[in-house]
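Hi,

Here is the structure I promised to pass on.

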Amino acid sequence: MKRITPLLTLLTGAGTAAVLFAMSAQAAPRTVQPTAAATPSASATAPPDAPSAPPADPTGQPPAQPSEQRGRPGAPTTAPAAPATPAAPVTGNWTGRLDSGATIAVTATKGTAVAYVCDGRRLEIWLRGTAADGRLKLTGKKGATLTATIGDGDVTGELVVGDKRWRFTAKAAATPAPVLYRATAQTRRAGVDGGWIMLPDGSQIGVLTRDGSPAPAPPLDPAFGTTIVDGSTVAAEPVAADPGTAE
């Protein structure tokens, strides 16, 4: 009997402990395992796309910037070219001699120039061209050319005909009176041509050509612009940078 009593006590304690554990388990709240929240769609959560950057220039230069105000062109990259300065025309009269001994007269009017060279016997050359910016550039028959510089009242230059070259110097006329005369167009159409140079000392020199034959020109009366050839009157007029035909 004494041995059974401790065993009953032990069993009774174990049963009581089991009952208490069961009651404690029922009284404790259930632990609910959290479930993963539904993943929102990418379209609902993704932020709006940032503006894409322009593609890089392969040359490494920064992109061109628009003008500050719409409708206004951007600043010019280069300054506009300055307009060319027009050539200064020349007006004047000059007479002189070539180093061959021939006489030359040059007359220029507002940039157009005429020159006449003669030896008073057979040789004569007419040339026509420009007189601007202190330079003369004239041409005549058979490839004749005259180039010269105008300065300090003198004209100095060179006449070239074929393989021949002559230097010359001509002085400016002291008065505005014409220094060069030529037979009128009507006279030339009749087969008579002639040129006269009025020299500063009052003398004159020229060549008169009739039917293709040159000869010393008879004296010309500048007051009337006439001379007499074999009893016939030959008319001439001042050359005002237009000798009719520069030849």
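Predicted model: local features only at pLDDT ≥ 70, side-chain atom pairs only at ≥ 80, totals over all residues.

**The chain as a whole**

There are 247 residues in the chain, and 29% of them are buried. The secondary structure amounts to 14 strands and three helices. On contacts, if you take the pairs at least 6 apart in sequence, 40% of them join residues at least 24 apart.

**The barrel**

Eight strands, running in the order β1-β2-β3-β4-β5-β6-β7-β8, close into a barrel with antiparallel pairing. On average, neighbouring strands in this sheet are turned by 25 degrees against each other, ignoring direction.

Strand β4 covers residues 124-132 and strand β5 covers residues 135-140, and six bridges pair them in the antiparallel sense. Across that pair, glycine 129 sits opposite leucine 138 of β5.

Moving on from β5, the loop between β5 and β6 (145-151) holds lysine 142. Lysine 142 has a positive phi of about 60 degrees, although it is not a glycine. Is lysine 142 buried or exposed? Its relative accessibility is 78%, so lysine 142 counts as exposed.

**The open sheet**

The other sheet I looked at is open and has six strands, in the order β12-β11-β10-β9-β14-β13, again with antiparallel pairing. Its edges are β12 (213-216) and β13 (226-229); each has a single partner strand, so one side of each has no neighbour in the sheet. From one strand to the next, the twist averages 25 degrees.

Here is a walk through some of its strand pairs:

- β10 with β11: strand β10 (residues 192-198) is joined to β11 by seven bridges, and the two run antiparallel. Aspartate 193 is opposite threonine 209 in β11. Their hairpin has five residues between the strands, and glycine 202 takes a positive phi near 95 degrees there.
- β11 with β12: strand β11 (residues 204-210) pairs with β12 over four bridges in the antiparallel sense. Leucine 208 faces alanine 215 of β12, and threonine 209 stands opposite proline 214 in β12. In this hairpin, which has two residues between the strands, aspartate 211 takes a positive phi near 50 degrees.
- β9 with β14: three bridges pair β9 with strand β14 (residues 232-238) in the antiparallel sense. Alanine 183 has alanine 236 in β14 as its bridge partner.
- β13 with β14: these run antiparallel and are joined by four bridges. Valine 229 is opposite serine 232 in β14.

Aspartate 230 lies in the loop between β13 and β14. The hairpin of β13 and β14 has two residues between the strands, and aspartate 230 has a positive phi of about 50 degrees there, although it is not a glycine. Aspartate 230 is exposed, since its relative accessible area is 64% and the cut-off is over 50%.

Threonine 184 sits in the loop between β9 (180-183) and α3 (185-189). Is threonine 184 buried or exposed? With a relative accessibility of 16%, threonine 184 counts as buried, because the cut-off is under 20%. Which residues does threonine 184 touch, leaving aside those up to four places away in sequence? They are Ala235, Ala236 and Glu237. Ala236 also came up above, as the bridge partner of alanine 183.

Cheers

Methods: Residues numbered from 1 in each chain as written. Heavy atoms only, no water. Buried < 20%, exposed > 50% of the residue type's maximum accessible area, 1.4 Å probe, protein only. Contact = heavy atoms within 4.5 Å. Pairing = 2+ DSSP bridges. Axes fitted to C-alpha atoms, helices over the stretch in contact; angles between N-to-C directions.
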